[in-house]
Amino acid sequence: MINCLQENKVRLQEELNTTDTKRQALGSPLQSQIEDVEVKLSDQTQELNRLCSELGTTDLEKHLEILVLENDRLKQELNSCQLQLQQLRVSLSGCTDCEHSKETSRLRERTTGLQLELEEKTRLLSELEQHLKDVLQEKTEREERLNKRIRDCHLALAKQSAPSVKFITKIVEVESSRTKQDLEEAQARNGYLQEQIGIQRQLLTEQEQQLQDSWQASAQLRAQIMMYEAELERSRGEMLAELRSLEDEKNQAIEEVFLHARSEMKTVHENLNGVRMNLLSIQPALKTLTGDYNSLKNHVRDFPCLLQDAVSQTKKEIYQAVEEAKATNQELLRKYKREMQLRKKCHNELVRLRGNIRVLCRVRPITREDGAGPDTRNIVSFDHDDDAILYVSHRGKASIFELDKVFRPHALQADIFQEVQALVTSCIDGYNVCIFAYGQTGSGKTYTMEGSPEDPGINQRALRLLFGEVAERSADWDLTITVSMAEIYNETLRNLLAKDPSEKLEIKLSPDGSGQLYVPGLTQVRVQSVEDINKVFELGRLNRATDFTNVNERSSRSHALLIVSVTGTNLTSGVRTTGKLNLVDLAGSERVGKSGAEGHRLREAQNINKSLLALGDVICALRSKQPYIPFRNSKLTYLLQDSLSGDSKTLMMVQVSPMEKNVNETVCSLKFAQRVRSVELGAVGRRTENQHFSSRQDCELESPPAVAQQGRLNPSHPGGSAVGKSTAGKRRLMASGEVNHRQGPAALPAL
Ligand code: ADP
Ligand code: MG
């Protein structure tokens, strides 16, 4: 059995050795393949070098460099293959940490332990066998000795116990004492021998017992040995299975590596073939390129001369072109100046034709604050093609109104200012300008003139524009801007920038004899920045609110004037100019109900009516170039006299609300506007004082100027023209006695 175990051990050892040998055997074909590839690679490199030397050192070396790079890459791939193979070898031989190796070493240790144990048991067994042999031998010897003695005793006994002996003995006993003694001795010896036989028998029994025990021990040992053998057999089976699986895995891994290496090799081969093909294909291209390169070399050699020629030629052309451009520029400049003069002339002519009085209309939007309902329905519409036309529908009829321009509800403050900014700048040139906002309370007059801090109106924008102009002209002009703020309430003029705003101001003739009017005590503040304007406006607003709890109420019943004066001195010629820009937010034009208004309220209404009427009359008289202009009929027109007459420019912004509830006042305001506008220009000769502006009280809603009846731009039409109402106007003027017909323009300085 020991031999059997040893045999197994030897076989296992052999199997392990065989596995190592196989592994090495598998590695060697790969090694040889790699060597083959290396040899091929070195061949390729040599081929490449040969090609390099053939091709020479032209620019085409770049192509060769690409191929060399390709070769290097292939080399790297080969190296990585080798490295992988190396790693695989190392992992197969030096794999100490893997599960299988651990299992193998465990099995090996266990086998060694079992071997040691087996050797120990074998030694014990051989000792026991030896001992058994000794005991058996001793027992045999003893048995032999005892048998011999028994035989001797039996012989002796046989000799002594025969019947003859017994007879003789009896005789001897009887006969001889000596014989008797001998008998006793023989009996004693017999007893002793019997005793010895008993002892020997006992000894034999013990020996037999010992032998039995030895046999039992031997049987136990045999059973143990068999168990160990079975154990060894099982371990060997496990080990074999383990070794088999290890071998399978190893084979598989080797197979995979082999396949991988083969595919890599294939790729390397293919790449090498590709490189070879490339090399072959680029050879002709390289030759062509060499030819090109040489021709280019020649070109480059000749290039500086060509370039120099071309540069000098181009220079000449450029100089010529510049000269031509200069001449053209001069010509253009001359033409431009001429055109500018012409344009200015045309502009002046246009202004003359248009008249210095323009009437615009702005329709305010319907806002959320106006609420909803039939009252707030829109009754105003516009003409798509003509921005001077406005339609108002009321009681199923559409009335048409024509003005110089109509701004729709969505028009921006900037759009409005765009239209008036030319007037504003003209005050720097020494013109006097008046801009009025006319309309019923709530129609947007203050919004148009003042606006909001985020979206300022004409006042603020005008001053900003003037600041800009002043800065622009500062090289030639020394310009100063001053502002005054005044209010006319109940025909009383008040200084809104005064310490005591309740003080009444008077309009007086200038003492210098120039015939100019002036207002003693009216504060004039010099402004240079937006901050200055804001301060001035704030003071004016505060003073205006002094007497009234409701500023809006006050503002709707008084005229607010912002008077901007621009004085300038030309730094070269010393010429002095003075221009005045009057920005007027008029009192609400709404008619106070005939009944109900009395006392204070009635007086207010009368004064407003009087001043607006006077303004209408003045504008009408100015537009129709009448010899007499009734400036003195109101404080407002009297104060603005020098800004309305002569070559002054006036703009009336008529504000209307588009809502159904305001239709009466809307129609009334538009009629007023249209009458102002429709007064014929330059018809001084044809005009008489009878054609003075009609009373605002004549504005009857019951007979609005229907479209069918309205003659556009026809002042003689009874529906909407001043002429149509001239009789009534005359009646009113004559009755009121406000117009002094004897008082011609010559009488004005006498005021
Ligand atoms: P008025 O000075 O004629 O009495 P306001 O200028 O005070 O009228 O305008 C009345 C209301 O209508 C104000 O709340 C104002 O903000 C608004 N409003 C007027 N015109 C416009 C407009 N073009 N865009 C927006 N809101 C406007
Ligand atoms: Mg207002």
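Is Cys 434 buried or exposed? Cys 434 is buried, because its relative accessibility is 0%. Buried here means under 20% relative accessible area, exposed over 50%, and partly exposed in between, with a 1.4 Å probe and protein chains only. Cys 620 also counts as buried, at 1% relative accessibility. A search of the whole structure finds zero disulfides, a disulfide being a pair of cysteine sulfur atoms within 2.5 Å.

This is a predicted model, in which local features need pLDDT of at least 70 and side-chain atom pairs count only at pLDDT 80 or more, while totals for chains, interfaces and linings use all residues. Residues are numbered from 1 along each chain as its sequence is written, chains are lettered from A and ligands numbered from 1 in the order in which they are written, and side-chain values use heavy atoms, with hydrogens and water left out.

The largest nonpolar core holds 50 residues. Such a core is a set of buried Ala, Val, Leu, Ile, Met, Phe, Trp, Tyr and Cys residues joined through side-chain atoms within 4.5 Å. Phe 436 and Met 652 touch the most other members. Helix α11 (residues 599–623) supplies the largest share of this core, seven residues. Helices are DSSP runs of H or I with at least four residues, strands are runs of E with at least two, and both are numbered from the N terminus.

Which residues does Phe 436 touch, not counting residues up to four places away in sequence? They are Val 584, Leu 586, Leu 615, Leu 640, Leu 644, Thr 650, Leu 651, Met 652 and Met 653. Contact means heavy atoms within 4.5 Å.

Helix α11 also carries Asn 607. Asn 607 counts as buried because its relative accessibility is 13%. Its side chain makes a polar contact of 2.8 Å with the side chain of Asn 490. A polar contact is a pair of N or O atoms within 3.5 Å; within protein, one must be able to donate a hydrogen and the other to accept it, and residues adjacent in sequence count only if both atoms are side-chain atoms. Leaving aside neighbours within four places in sequence, Asn 607 is in contact with Asn 490 and Glu 491.

Now take strand β8 (residues 492–495), where Arg 494 lies. Arg 494 is buried, because its relative accessibility is 6%. A polar atom of the Arg 494 side chain lies 2.7 Å from the backbone oxygen of Pro 501.

Turn to ligand 1. The residues around ligand 1, with a heavy atom within 4 Å of it, include Arg 362, Pro 365, Gly 442 and Thr 446. Helix α7 (residues 445–449) gives the most to this shell, with three residues. An N or O atom in the side chain of Lys 445 is 2.9 Å from an oxygen atom of ligand 1. A polar backbone atom of Ser 443 is 3.3 Å from an oxygen atom of the ligand. In the side chain of Arg 362, an N or O atom is 3.3 Å from a ligand nitrogen. The protein covers 71% of the 560 Å² of accessible area that ligand 1 has on its own, by the Shrake-Rupley method with a 1.4 Å probe; for residues, only the protein chains shown count as cover.

Met 659 is buried, because its relative accessible area is 1%. Its C-alpha atom is 9.1 Å from that of Pro 365, 294 residues apart along the chain.
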